[in-house]
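Let's take a walk through a protein chain together, one piece at a time. Have a look at the sequence and the picture, and then we'll start with how the chain keeps in touch with itself.

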Amino acid sequence: MFKLLLAAHLVLAVFAVGPLVHAATTAGRGIRTGDGAATASASRVLRIYSYVSVLVVVAGMGLMSQKEDGERVAEFSEAWIWVSLLLWLAAVGLVLAVIVPTLDRATKQISAQESVVTLTGRVAACGGVVGLLFLVIVVLMVYKPGA
């Protein structure tokens, strides 16, 4: 069961978090080019993959509860676990509370032929932060400091 959960966690991380980070870090392109279809698409992709990323956390929690060599794989009290969870919450929070609403606003403004120049920086900055947060999560998952 351990290997099955580990595979599920890794596959979900690659196929859910990967597109999430890519969309977050490239979402500003649609705003810069004034492409309403691109901003609407980026918003939709970010929303969907943010919700799907919950499955990565669920698989990770299941993986934590497994025993390997008679001992639990990890405990929630270990810093690398709860810090990773907090960073994931921050990243998904930024996506759903800042990037997606800003992209939705940009889509409306582009279709109304209004200027969206002021929105580009917000999306680009938050997208970069989301990318960095997930990078730190991956490093924590690999090195497991304090474990």
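Predicted model: local features only at pLDDT ≥ 70, side-chain atom pairs only at ≥ 80, totals over all residues.

Of the contacts in this chain with a separation of 6 or more, 76% are between residues 24 or more positions apart; contact here means heavy atoms within 4.5 Å. Residues are numbered from 1 along each chain as its sequence is written, and side-chain values use heavy atoms, with hydrogens and water left out.

Now for the overall layout. The chain has 5 helices and 2 strands, and along the sequence they come in the pattern α-α-α-β-β-α-α. Helices (H or I, at least four residues) and strands (E, at least two) are DSSP runs, numbered from the N terminus. Taken along the principal axes, the C-alpha atoms fill a box of roughly 65 × 25 × 20 Å. The chain's accessible surface is about 8200 Å², with 67% of that belonging to carbon and sulfur atoms; such areas come from the Shrake-Rupley method with a 1.4 Å probe, and for residues only the protein chains shown count as cover. Of the 147 residues, 38% count as buried, where buried means under 20% relative accessible area, exposed over 50%, and partly exposed in between (1.4 Å probe, protein chains only).

Where is there empty space? Rolling a probe the size of a water molecule over the atoms shows where it is left. The largest pocket has a volume of about 710 Å³. A pocket is an open set of points on a 1 Å grid over the protein atoms alone, where a 1.4 Å probe fits, with protein on both sides within 12 Å along at least five of seven lines; lining residues have an atom within 4 Å of a point. Grid points are joined across faces, edges and corners, and the volume is the space filled by probe spheres set on the points. This pocket is lined by 28 residues, with H9, G60, W80, I137 and M141 nearest its centre. Two or more lining residues come from each of α1 (2-26), α3 (36-64), α4 (79-111) and α5 (117-143), and α3 gives the most, with 7.

Let's stay with α3 for a moment. S43 lies in this helix, and it counts as buried because its relative accessibility is 1%. Leaving out residues up to four places away in sequence, S43 touches V100, L103 and D104.

Q109 is buried because its relative accessible area is 14%. Q109 and G34 are 75 residues apart in sequence, yet 9.4 Å apart in space, C-alpha to C-alpha. In the loop between α4 and α5 you'll find Q113, which counts as exposed because its relative accessibility is 76%. Most residues other than glycine have a negative phi. Q113, though, has a positive one, near 60 degrees.

Finally, follow α5. Its buried residues include L119, C126, F134 and I137, and what covers the buried residues of α5 includes α1, α2 (28-33) and α4. After α5 comes K144, with a positive phi near 45 degrees.
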